[in-house]
Amino acid sequence: MSEWTDAQEQRLRALIDGAQEDCAGRFAQLERIESENFERVLAAMQAQRVGVQHFQATTGYGYDDIGRDALERVFAQAFGAQDALVRPQFVSGTHALAVCLFGLLRPGDQLLSAVGMPYDTMDEVIGISRASDGSLAEMGVGYAQVELTGAGEIDLPAVCDAITDRTRVVMIQRSRGYAWRPALTVGQIGEAARAIHARKPDAIVMVDNCYGEFVDVQEPTHVGADVMVGSLIKNAGGGLAPTGGYIAGRHDLIERIACRLTSPGIGREVGSYAYGYQPFYQGFFFAPHVVCQAVKTAVLAAAVFSRLGFTVHPGVDDARSDIIQALRLETPERLIAFCEGIQMASPVDSFALPEPWAMPGYQDQVIMAAGTFVSGASIELSADAPMREPFAVYMQGGLTLSHGRAGIASAVRRMADKGLLTI
Ligand SMILES: *Cc1c(COP(=O)(O)O)cnc(C)c1O
């Protein structure tokens, strides 16, 4: 490794300052989105009369847990949904998605993905590659998928053609996941929901909203999705929720799903939390701001890496519908160095170096950089990637733009240090 010189450090700072100037117009737009979302969250907390009594902890069964119940009403209102489940008992986004699917689908039904192959971890939940233990396939639920168009949009005529009498749930993933495609906008999701309902009124439009909350001024449930699902260690937790997930949507569907979350006959009436729900409320209060900081970090990374000559997705001025920034680094060495740089800039575990590993639920080896306060929280500055062509890194999060800047600088420094780019 070469010696990092003062001259290089100065050029790096000039690069990032210049890139940030390119982003000024975008940043102003993002701040307007933040304000609109924040006002909706604040109004929901006021309308649901959130008080200190809702921060009391509960134990045991958790009957009549007013903190849990009011939190669910706050989420439902802010998301324009009739109802919601917001629970620390959802261990991850994948778990919330699985509970939603198992709550809605019955043997003989068909699940249709309108976005081609869904997020990697859904493969074993659905049983796409094989009828894995406990999968929907093993329960006799059929599956089909319709590929996105070349432009990365939902192929609506093909989706409508693929709907059969057996199709009960049509699943739409808003975020790009680990795919080199644009995130679907809320407008596109609304258009798809209208077309799907016109073709089959009782089809349930379910949206995987992970990474999407508060990036735009509306959510899928505002525009016709029947149910949507997300993780609380991503956007909607605002960096403060310690764990959990949510499912928001039509009241009758939420009741069905609650019977899978706990038990038939018991449903949503139980579930305690010994630490109380205060961080979930406060996290939701912060979420529009934190998401704005994360999106600004993503835009800044796009600007810096464009200036360095890399292909980035989305570009600085492109519309955004999730917090992910993809950067095509072209070689495994650069991909690893980038993730090392992000890790080195973390407040926690900055001394650790990430390595590719065979993570459960993923097909290729995956490398993940995340030095986070909430373990594995990807609303905090993080970067991850499957070790496969075109060696694109997917970075996301950043509780503050200052940290985002520091992380981007560290990633560039690490790559330059290893002789993988010149600055
Ligand atoms: C993160 C994510 C998931 C899965 O969430 P986990 O909490 O990692 O299990 C599912 N879908 C999308 C689009 C995601 O971004």
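Here is a short tour of a predicted model, going from its core to its sheet.

**Stop 1: the core.** Start by selecting F75, L101, I172, V227, F305 and F338. These residues have the most contacts inside the largest nonpolar core, which has 135 residues. Next, colour domain 1 (6–37 + 284–417) and domain 2 (57–276) separately. Both domains give residues to this core, so the core lies between them.

**Stop 2: the sheet.** Show the strands next. You'll find an open sheet of seven, in the order β1-β7-β6-β5-β4-β2-β3, with mixed pairing. Look for the edges: β1 (83–87) and β3 (142–145) each pair on one side only. Going from one strand to the next, the twist averages 20°.

**Stop 3: two strands and I172.** Zoom in on β4 (residues 167–173) and β5 (residues 204–208), which run parallel and pair over five bridges. Which residue in β5 is the bridge partner of I172? Pick V207 and you have it. Leaving aside neighbours within four places in sequence, I172 also has contacts including A114, V115, I154, L184 and M206.

**Stop 4: helices on the sheet.** Select helix α4, residues 93–104. This helix packs on the sheet, touching β2 (110–113), β4, β5, β6 (227–231) and β7 (245–249), and its direction makes about 155° with that of β6. Finish with helix α8, residues 251–261, which also packs on the sheet and touches β1, β4, β5, β6 and β7. The direction of α8 makes about 30° with that of β1.

Notes
Residues are numbered from 1 along each chain as its sequence is written. This is a predicted model: local features need pLDDT of at least 70, side-chain atom pairs count only at pLDDT 80 or more; totals for chains, interfaces and linings use all residues. Side-chain values use heavy atoms; hydrogens and water are left out. A nonpolar core is a set of buried Ala, Val, Leu, Ile, Met, Phe, Trp, Tyr and Cys residues joined through side-chain atoms within 4.5 Å. Buried means under 20% relative accessible area, exposed over 50%, partly exposed in between (1.4 Å probe, protein chains only). Domain bounds come from an automatic or database domain assignment. Contact means heavy atoms within 4.5 Å. Two strands pair if DSSP finds at least two bridges between them. Helices (H or I, at least four residues) and strands (E, at least two) are DSSP runs, numbered from the N terminus. Axes are lines fitted to C-alpha atoms, for helices over the stretch in contact, and angles run from 0 to 180 degrees between N-to-C directions.
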